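Hi,

Here is the structure I promised to pass on.

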Amino acid sequence: MNDKQHTIKAPVTVRGIGLHTGVEATMTFCPAPVGHGYKFQRIDLPGQPIVDADVDNVVDLSRGTTIEQNGARVNTVEHTLAALVGLQLDNVLIQLSGPEPPIMDGSSAEFIKALSIVGFEEQNALRNYYEIPESIRYVDNARGVEIAALPLSDYRLTVMVDYNSPVLGSQHATLTDIDLFSEEIASSRTFCFLHELEMLYKNNLIRGGDLSNAIVVVDRVVSDDELTELAKMLGKPRVSVKKEGILNNVDLRHKNEPARHKLLDLVGDLALVGRPLKGQILAARPGHAANVAFAKKIKKKMLESRTNPVPVYDPNREPVMDINRIMQVLPHRYPFTMIDKVIHLDDQVVTAVKNVTINEPFFQGHFPGNPVMPGVLQIEGLAQTGGILVMNTVSDPENYWQYFLGIENARFRKKVLPGDTIVYHCQLLAPIKRGIAKMRGQAFVNGKVVCEAEMSAAIVRKDA
């Protein structure tokens with residue numbers, strides 16, 4: 001896929017029981033608009049509440065990642081989210097008729113298959129990547145866990161696990177390209193050790209567990225009486241142990257299937273940061289608790305970067321809006337069109353670009369012989385950029401005017417000269433109420449702020 005956001009072309013449904021709750025559920029993946037992200041909806045509860053797939057909503061990590069919001073809880077979300085990330089889908093609403101997604105075969109493969117059948121739809125917005133800016137590390141010395149994220153221009157993950165087991169030993173798995181997730185990682189099933197099985201069952205977990213949707217690793221000698229009890233617990237006539245220590249003749253899909261599944265879990269848990277990632281992730285002995293703690297560290301860095309944004313302009317990337325589209329939304333025309341293209345747009349933030357040339361009409365009368373772009377026109381560029389953001393909140397922008405109401409705390413930091421490329425960046429300071437928007441805008445040249453201001457604007461119907 002390219003750098004545009006994607007959703008699915010049509011709803012698609014899967015059915016099954018939840019691994020830990022044992023409750024049968026129907027799960028429907030639905031198309032969603034630009035900037036929607038991943039959201040679950042409990043359609044079996046009053047009001048059909050929405051639960052954002054957000055690391056701040058994690059409430060339980062008992063053998064899986066559980067999120068809760070608006071009085072609704074969704075258990076074991078990681079396999080579902082991993083499938084969406086692996087397919088590079090950005091905007092999907094996941095409707096659930098129960099408390100937990102179906103476990104299916106214990107991997108993400110069935111979700112990948114269902115989503116691929118309906119196909120994907122490109123949306124008119126660039127993917128809102130978070131590029132790891134510097135090394136981010138998480139360490140849990142007590143559990144021997146270490147996870148690191150390093151800067152990289154794409155998304156790669158490497159996982160190492162070591163269970164001190166004669167059956168599994170040390171394993172590692174690597175995903176060098178997210179495009180390969182469906183082929184190399186998605187089919188890897190969840191697993192546990194025999195000594196964990198009884199504990200999980202007694203703690204009212206794995207009620208939907210079955211030997212067909214999980215790998216049970218037997219790392220000790222098991223008596224016939226124990227196998228009989230185990231069969232009774234799992235509701236099976238009998239169970240047996242393969243010579244390599246896998247319960248009930250389940251064949252591994254990969255020699256390192258447990259390590260690959262840990263990588264799958266990591267992809268799903270890191271989806272909770274809320275944006276697609278670019279970086280190299282290295283994880284030693286990861287688990288859900290560590291994954292979520294690490295995701296929180298990434299999200300904290302992400303929020304800090306939004307507070308002090310330094311947008312990156314890549315002229316090789318296709319814009320969200322070219323000048324023709326901009327002129328359909330804004331009424332400004334020569335010589336007062338102050339932005340050339342929009343390179344990012346979501347419900348909170350917009351980024352636009354202006355290429356400054358000596359042919360600009362204002363240079364004829366503004367400091368002839370010493371061409372400097374007027375500060376008021378830099379502010380006008382910020383205002384037009386903000387206008388794109390507020391017009392994006394109405395379905396028919398051609399029927400509205402956007403008026404500049406106020407400006408505060410304006411500062412001009414550096415001169416803007418012919419040949420400069422200005423990157424305008426505006427962010428809402430509060431939700432738009434009664435057509436009034438408050439924004440903070442900054443203009444950058446070569447990564448440095450040249451001007452900034454807080455602005456207020458109104459959107460008014462043309463027939464009002």
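Strands E4 (residues 38-42) and E5 pair in the antiparallel sense over 3 bridges, and Gln 41 has Ile 50 in E5 as its bridge partner. Helices (H or I, at least four residues) and strands (E, at least two) are DSSP runs, numbered from the N terminus, and two strands pair if DSSP finds at least two bridges between them. This is a predicted model, so local features need pLDDT of at least 70 and side-chain atom pairs count only at pLDDT 80 or more, while totals for chains, interfaces and linings use all residues. Residues are numbered from 1 along each chain as its sequence is written, and side-chain values use heavy atoms, with hydrogens and water left out.

E4 and E5 belong to an open sheet of 5 strands with mixed pairing, in the order E2-E3-E9-E4-E5. Strand E2 (12-17) and strand E5 (50-52) are at the edges with a single partner strand each, so one side of each has no neighbour in the sheet. From one strand to the next, the twist averages 25°. Two helices pack on this sheet. H1 touches strand E3 (24-31), E4 and E9, and its direction makes about 145° with that of E4. H2 touches E2 and E3, with its direction at about 165° to that of E2. For those angles, axes are lines fitted to C-alpha atoms, for helices over the stretch in contact, and angles run from 0 to 180 degrees between N-to-C directions.

UniProt, in an unreviewed entry, lists His 79, His 261 and Asp 265 under "binding site". They span 187 residues in sequence, yet no two of their C-alpha atoms are more than 9.4 Å apart, so they gather at one spot. Of these residues, His 79 is included in the lining of the largest cavity. The UniProt positions are in the numbering used here, feature names are shortened, and annotations may be inferred rather than shown by experiment. As for the cavity: on a 1 Å grid over the protein atoms alone, it is a set of points where a 1.4 Å probe fits but cannot get out, and lining residues have an atom within 4 Å of a point.

His 79 sits in helix H1 (residues 78-86) and is buried, with a relative accessible area of 5%. Asp 265 is in helix H6 (residues 257-270) and also counts as buried, at 6% relative accessibility. Buried means under 20% relative accessible area, exposed over 50%, and partly exposed in between (1.4 Å probe, protein chains only). Leaving aside neighbours within four places in sequence, the contacts of His 79 (heavy atoms within 4.5 Å) include Phe 111, Thr 190, His 261 and Asp 265.

On to charges. The whole structure has 20 salt bridges, each a side-chain nitrogen of Lys or Arg within 4 Å of a carboxyl oxygen of Asp or Glu. One of them joins Asp 3 to Arg 317, with the closest N and O atoms 3.2 Å apart. That pair links distant parts of the chain, 314 residues apart: Asp 3 is in the segment before strand E1 (4-8), and Arg 317 is in the loop between helix H7 (288-307) and helix H8 (323-329). Asp 3 is partly exposed at 25%, and Arg 317 is partly exposed at 24%.

Arg 253 and Asp 105 also meet in a salt bridge (2.9 Å, N to O). These two are 148 residues apart, with Arg 253 in the loop between helix H5 (224-234) and H6, and Asp 105 in the loop between strand E9 (92-96) and helix H2 (109-118). Arg 253 is partly exposed at 37%, whereas Asp 105 is buried at 12%. Salt bridges that share partners also join Lys 4, Glu 122 and Glu 318 into one network.

E19 runs antiparallel to strand E20 (residues 349-355), joined by 4 bridges, and a hairpin connects E19 to E20 through 3 residues. Within this pair, His 344 stands opposite Thr 351 in E20.

Cheers

Definitions and conventions
1 Å grid on protein atoms, 1.4 Å probe; cavity = no way out; pocket = protein on both sides within 12 Å on 5 of 7 lines; lining within 4 Å.
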